[in-house]
Amino acid sequence: MVRAGETASPTLLKGHPVAGQRKYYEGSRGLHAPGRETALGLEIATSERMLGICRGRRKFLAVSLTLLCIPAVTWLYLFAGSYEDGKPVSLSPLESQPHSPRYTASSQRERESLEVRVREVEEENRALRRQLSLAQGRAPGHRRGNHSKTYSMEEGTGDSENLRAGIVAGNSSECGQQPVVEKCETIHVAIVCAGYNASRDVVTLVKSVLFHRRNPLHFHLIADSIAEQILATLFQTWMVPAVRVDFYNADELKSEVSWIPNKHYSGIYGLMKLVLTKTLPANLERVIVLDTDITFATDIAELWAVFHKFKGQQVLGLVENQSDWYLGNLWKNHRPWPALGRGYNTGVILLLLDKLRKMKWEQMWRLTAERELMGMLSTSLADQDIFNAVIKQNPFLVYQLPCFWNVQLSDHTRSEQCYRDVSDLKVIHWNSPKKLRVKNKHVEFFRNLYLTFLEYDGNLLRRELFGCPSEADVNSENLQKQLSELDEDDLCYEFRRERFTVHRTHLYFLHYEYESASDNTDVTLVAQLSMDRLQMLEAICKHWEGPISLALYLSDAEAQQFLRYAQGSEVLMGRHNVAYHIVYKEGQFYPVNLLRNVAMKHVGTPYMFLSDIDFLPMKSVIQLDLANTKKAMIIPAFETLRYRLSFPKSKAELLSMLDMGTLFTFRYHVWTKGHAPTNFAKWRTATTPYRVEWEADFEPYVVVRRDCPEYDRRFVGFGWNKVAHIMELDAQEYEFTVLPNAYMIHMPHAPSFDITKFRSNKQYRICLKTLKEEFQQDMSRRYGFAALKYLTAENNS
């Protein structure tokens with residue numbers, strides 16, 4: 001549980017800025033020395049006034065000398081006063097015994113007085129050091145426009161050693177500390193993201209930024225339609241306070257850079273940082289631009305504060321390239337684009353957008369690119385080559401960032417020179433095609449840091465910024481209103497609350513491709529699962545050749561385990577028409593119907609087969625006349641008690657297995673009512689589809705049109721989740737028709753945690769019965785007189 005104003009922290013390494021908890025501070029907290037009218041007190045007051053008026057070096061030096069001299073003078077005084085008749089007065093307890101010839105009542109009082117004075121002077125010295133430290137933080141604030149802003153090192157950027165030491169001195173002749181970031185100032189971050197896989201990298205980057213941040217954030221995402229769909233859903237369901245996200249259509253920007261030949265693996269999207277001055281809002285003055293393969297190890301506000309150091313015509317903040325790429329000596333005949341010295345890496349860029357626009361940046365980079373492409377023919381490192389060519393001609397544009405703001409882990413790197421210990425690290429950049437497999441002396445530590453954020457529970461980042469009110473969010477306000485209307489003393493409160501829980505959702509976690517059939521008759525299999533059913537995926541993919549939409553209920557760490565499992569499976573990697581949607585764990589119940597709804601919502605075919613993950617379906621289902629009628633085509637369900645089963649290739653083979661006792665009709669021995677209306681006796685001889693009527697507790701697996709009703713979210717875990725949905729279909733006058741040659745087989749597995757809870761927890765069963773009654777009442781209100789049959793059937797069952 002993360003309290004307001006604190007940051008939960010994974011344990012990384014002692015001394016690392018990630019380790020431990022950080023607290024927000026509000027304003028400077030003054031610590032005052034004891035109020036004694038002494039010369040020492042006057043020195044303190046004088047020093048404080050001097051520092052408050054001007055942070056001049058001479059006055060600062062004078063105070064520092066005072067700090068050093070006062071203890072020395074004091075101890076000389078005490079040392080001299082400890083002599084009697086030119087002989088030292090011993091404070092040794094052995095010499096202070098009554099039998100000692102030096103022991104007298106007078107000397108005992110003097111010794112005690114001296115000890116008191118020593119303690120007083122030590123306390124005054126400590127107070128003086130505190131006053132001096134605080135005086136540095138209370139220097140007059142930097143003014144912009146007509147607003148005076150007060151800055152605090154404690155509240156602004158995470159108190160890095162370099163900022164406390166005044167790293168602004170590098171490009172500045174001004175005396176004293178430049179202002180850092182105001183407590184509630186919004187930090188703007190731009191990221192280019194395209195495709196399915198890139199969205200996963202963006203999430204890890206954002207986690208590392210959110211983990212350390214103490215300021216509101218505004219993300220500007222230049223994304224294609226795929227990445228926008230994924231990330232828009234993710235941020236909407238993440239609901240992180242004080243975070244705003246805007247999207248800019250990357251596909252519309254292609255024409256701006258498509259004329260530039262590019263050999264880099266990032267493709268055309270690797271050139272889009274060049275057009276940010278045109279793409280981002282005209283009133284946005286500055287922005288931090290990041291690659292997706294970045295991991296932050298500190299508060300991003302520290303980087304934002306560097307903008308205050310820009311002088312003159314400096315408009316680009318960049319870190320020097322840490323490989324020899326632009327020196328042209330990596331291999332024979334290597335001919336890089338022109339660059340200033342080692343060149344600059346564009347994985348982290350500070351852009352002063354307003355000044356760039358005034359300098360006509362668009363014209364500048366285009367002319368440079370056109371000129372260089374006449375000889376170079378294409379770029380090798382995408383936008384980085386063009387940025388460096390412009391800088392080569394205009395070196396005054398660059399403010400060189402310290403290299404710890406972009407520790408580059410590419411091959412042949414000099415990144416080890418950027419840090420001495422963990423506290424020096426700010427930003428780690430996995431700028432090698434090999435990513436985590438790159439060779440580096442400390443790569444194991446960097447990899448563990450990255451994996452920490454990769455698997456970090458994103459729910460813990462849903463924390464308010466202390467003292468920074470968030471913008472009003474309609475979804476959040478509605479959620480709070482709904483939750484406030486619930487009775488917390490209700491024994492079924494947790495069940496009711498689950499209906500309104502917003503789960504983070506990452507759509508299309510893996511690459512997805514689907515081409516619709518020419519006759520527009522494709523069916524998507526829809527299912528949901530958790531980590532304990534992961535072993536069923538390969539079997540289902542072997543049995544069902546059509547598209548599949550799966551919702552997986554996983555933690556952040558489990559999502560990474562699933563990713564490794566999928567990438568290591570030839571079967572899963574051989575299928576591109578399987579959509580994996582991650583719904584992240586939250587709460588104590590398995591949100592089975594929410595998962596089904598997520599999988600249903602992202603079906604791309606006209607029809608869908610509503611199944612469960614523990615069923616093996618036949619290879620395909622031929623639906624009948626579903627386009628213009630409301631029909632639910634029932635797939636008869638069977639089960640086996642054997643873990644190894646030769647799946648029947650035909651209905652005749654299945655009937656033979658039924659007769660031999662290898663197969664059974666589904667749940668015939670524990671819950672006959674669930675599938676009895678299917679009429680298995682009739683199915684044995686049927687050659688054409690036949691209609692059946694709804695009965696109480698009926699829960700078949702069906703093929704329906706994509707626009708069918710959603711599942712009711714009030715039902716979680718085990719019990720009534722499918723029954724309620726079939727009842728809703730019947731209420732909407734869907735016709736139930738059994739397919740004569742279709743079938744599916746349930747495979748055995750260990751009981752789920754939810755069914756165990758249902759069977760062992762009386763309160764669970766009571767609450768399920770209560771929710772069931774409330775659902776039936778809602779049905780009566782929605783469908784009127786026709787819905788009375790559900791109550792009657794329930795009473796008779």
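How many of the residues of strand β16 (residues 523-530) are buried? In this predicted model, eight of the eight residues of β16 are buried, and the strand is accordingly described as mostly covered. In a regular strand the side chains alternate between the two faces of the sheet. In β16 both faces are covered, with Val523, Leu525, Ala527 and Leu529 buried on one side and Thr524, Val526, Gln528 and Ser530 buried on the other.

Two strands pair with β16, and each of them runs parallel to it. Strand β19 (residues 607-610) is joined to β16 by four bridges, and within this pairing leucine 610 of β19 is the bridge partner of valine 526. Strand β17 (residues 548-554) is joined to β16 by six bridges, and here isoleucine 548 of β17 stands opposite leucine 525. Between β16 and β17 the chain passes through helix α17 (residues 536-543), forming a β-α-β crossover that is right-handed.

A further element examined is helix α7 (residues 225-238), for which the end-to-end length can be checked against expectation: because its 14 residues, at 1.5 Å a residue, should span 20 Å, the computed distance of 20 Å between its end C-alpha atoms agrees. The buried residues of α7 are Ala227, Ile230, Leu231, Ala232, Leu234, Phe235, Thr237 and Trp238. The elements that cover these buried residues include the strands β5 (187-193), β6 (217-223), β7 (243-249) and β15 (505-506), together with helix α6 (196-212). Just after α7, methionine 239 adopts a positive phi of about 55°.

Notes. Residues numbered from 1 in each chain as written. Predicted model: local features only at pLDDT ≥ 70, side-chain atom pairs only at ≥ 80, totals over all residues. Heavy atoms only, no water. Buried < 20%, exposed > 50% of the residue type's maximum accessible area, 1.4 Å probe, protein only. Pairing = 2+ DSSP bridges. Right-handed = clockwise from strand over helix to strand, strands pointing away. Expected span 1.5 Å × (residues − 1). Contact = heavy atoms within 4.5 Å.
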